[in-house]
Amino acid sequence: MGLNDAVHWSTDLGGGTRVALVQAGRFRSDAGALFGPVPRILWDRLATDEIDHDHRLLQALNCLLVETPAGRVLVETGIGERVSDKVRAMRAYEGTPIEPALRVAGFDPGSIDIVAMSHLHFDHAGGLLTADGARAFPRARIVAQRAEWDIALTDNSRIVASYDQPELRLVRDWGESGWADGEVEILPGVSVVPTGGHSAGHQAIVVRGGGPGGRTLAFFGDLCMRPWSANPRWVTAFDDFPLDSVDVKASLFARAADEHWIVTLSHEPLTPIGRLVADRDRFRFEVT
Ligand SMILES: [Zn+2]
C-alpha cells in the first residue's frame, strides 16, 4: 500500500486489511444548517474557531481507501473536478479532488475495484468522472443503494438542490450495474449497511479486519459528519428524514461503542478518527 505524506492517516485492521484516509479538498456549509434543530447557544462555542464571515463552517471531504486481500475499495469521491467557477465560489470549494489526491497518495485510480458511496449528494458522488468526462475509476463497480438512485433523480425541488442531477444522469448506467439493494458484503470483510435518515438510500460502510485481534472500522457517512454528530438528536437540517436519523444513529452508535469500532467522520477537517463512547443518553466522540 502506498503511504506517504499525502495520506492523512492509516491503520492496519488485521488479516491483511488496511485503511487510509485521503482528503479530497474542503468546502463550506452554513453553520446553522449543520446543527439543524440545535439552538445556537448550545453549539456556538464548538464553532467559534472555524466560522467565517458568511456564518459557514469548514467541511473536509474525507474519503477512505480500503485495501483487503480481495481488492481495493474507495469510500466516497468528494465534489470532484466538474464544478463551475460559480459553484466553486459559492461552496468555497478548494483543495485537491479525489482522483489526483489518490495519485499523490500513491494509489492508482485504475486499481480501484469498488467505489462505495454513503449517498449521492453532490459532495459525495461528484468525483466519479474526471474533468473531461471519463470514468475516474475505470475498473470499478459503483456501490450505492438502489433506493438512493431512485430518490436522487426524482423532481422534488429539495432533492434537486442536494444532488447534481445532470452529473448523476451521466453515470446512472454505471451506478445501476453495481447498486446494492439492502445490506451486502461487497468484498470479504467490507459491508454496506442501509441506514436512511440523512437521505432515503443512505448507507454506512463497515470494514472488519481478520485474524486474532482484528478490528472493525465504520464510516457512517453524513450521519456522523463531525464530533458533535455523536449525539443522536443532533441531526443536520440537510437530513431529509431526521427522525429516522435519530433512531438509526442511536442503534448503530450503541453497537460501535459496545464493540469499540474505529469511527471515521465524513466532514471533520482536523480530528476525523476516533471512537464513540456511551455518555448518559447519548454518545461522545473521542479522538484516538
Ligand atoms: Zn456530505
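The exercises below work through a predicted model, in which local features need pLDDT of at least 70, side-chain atom pairs count only at pLDDT 80 or more, and totals for chains, interfaces and linings use all residues. Residues are numbered from 1 along each chain as its sequence is written.

**Exercise 1. Is F137 buried or exposed, and which residues does it contact?**

Step 1. Locate the residue: F137 sits in the loop between α5 (122-125) and β6 (141-143). Helices (H or I, at least four residues) and strands (E, at least two) are DSSP runs, numbered from the N terminus.

Step 2. Apply the burial rule: a residue is buried if 20 or more other C-beta atoms, placed from the backbone, lie within 10 Å of its own, exposed if 12 or fewer, and partly exposed in between. F137 has 26 other C-beta atoms within 10 Å, so F137 is buried.

Step 3. List contacts, meaning pairs whose C-beta atoms, placed from the backbone, lie within 7 Å. Leaving aside neighbours within four places in sequence, F137 contacts L74, P109, I112 and V115. L74 is 63 residues away from F137 along the chain, with 9.5 Å between their C-alpha atoms.

**Exercise 2. Which members of the largest nonpolar core touch the most other members?**

Step 1. Define the set: a nonpolar core consists of buried Ala, Val, Leu, Ile, Met, Phe, Trp, Tyr and Cys residues joined through C-beta atoms within 7 Å.

Step 2. Read off the members: the largest core has 70 residues, and V75, V115, A116, V143, A218 and V263 touch the most others. Strand β3 (residues 56-68) gives the largest share, six residues.

Step 3. Check for another core: a second, separate one of five residues includes L34, F35, L57 and W234.

**Exercise 3. Does the span of helix α9 agree or disagree with its number of residues, and where does the helix lie?**

Step 1. Compute the expected span, which is 1.5 Å times one less than the number of residues. For the 17 residues of α9 (residues 242-258) this gives 24 Å, and the end C-alpha atoms are 24 Å apart, so the two agree.

Step 2. Place the helix: α9 lies across β9, β10, β11, β12 and β13, at about 105 degrees to β12. Axes are lines fitted to C-alpha atoms, for helices over the stretch in contact, and angles run from 0 to 180 degrees between N-to-C directions.

Step 3. Identify the covered side: S245, V248, K249, L252, F253 and A256 are the buried residues of α9.

**Exercise 4. What is the strand order of the open sheet of seven strands?**

Step 1. The order is β7-β8-β9-β10-β11-β12-β13, with mixed pairing. β7 (184-187) and β13 each have a single partner strand, so they stand at the edges.

Note on methods: Two strands pair if DSSP finds at least two bridges between them. Two residues are in contact if their C-beta atoms, placed from the backbone, lie within 7 Å.
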